[in-house]
Amino acid sequence: MWNTTVHDDLLIRRDEERELLLRTAEGDRAAFTRLHERLRALVEGWVRQCLVDRWQAEEVVQDVFLEVWRLADRYDPRHPPVSWVRTIAQRRAVDRVRKAEADRRRDVRAGVRYLDTVDHASVERAEGVLDREALRRAIVALPERQREAVVLRHLEELTGPELAERLGVPVGTAKTRARDGVLALRRSLGS
């Protein structure tokens, strides 16, 4: 009896979701809102299986529901709505993983291209400057993103990956910010 009740409840729920999706296809915002409320936790779970980064996962969840809204008229009511939405969610999550990997490879290529222009000894020279006030003024004058990257990378001695994680950006971007900040400091200090 218990299994029959659970099965019947699930069928009723799927029929309600099907109806909500069909009404969404007709432009019914209230139906879409109810569908979103019912399926959001499921979509988040599916997306989080592919994406570890909380912010990226949240963006993908939003993209999934935007796509559900835009493409609801393509839904085939012979199939469970949850399966249709899951397909969208998985496709979006995989696309985001692929994009992140492509961005990482691009950042690595860009980092290698600029590898020879970075003079890491300049950081040691900057720290050895007798006039600490000049160094402090030069650091304060840096754009915020560069200043944060320089301080974290060279004063807190974070590695490239640690810096990227702290800044919430790809490794190449984090290293570029730190490098550009060091180069600006060198220009400012005349070294």
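## Helices H2 and H3

The contact, meaning heavy atoms within 4.5 Å, includes Phe32, Leu35 and Leu39 of H2 and Val61, Val64 and Trp69 of H3. By class, this contact of H2 with H3 has 12 nonpolar, 1 polar and 6 charged residues.

## Glutamate 67

Glutamate 67 is found in helix H3 and is buried, with a relative accessible area of 6%, where buried means under 20% (1.4 Å probe, protein chains only). Its side chain is joined to that of arginine 91 by a polar contact of 2.3 Å, a term for a pair of N or O atoms within 3.5 Å, one able to donate a hydrogen and the other to accept it.

## The whole chain

The chain comes to 9 helices and 0 strands, taken as DSSP runs of at least four residues for helices and at least two for strands. Of its 191 residues, 32% count as buried.

## Basis of the values

Residues are numbered from 1 along each chain, and side-chain values use heavy atoms, without hydrogens and water. Because the model is predicted, local features need pLDDT of at least 70 and side-chain atom pairs 80 or more, while totals for chains, interfaces and linings use all residues.

Conventions:
Nonpolar A, V, L, I, M, F, W, Y, C, P; charged D, E, K, R; others polar. Buried < 20%, exposed > 50% of the residue type's maximum accessible area, 1.4 Å probe, protein only.
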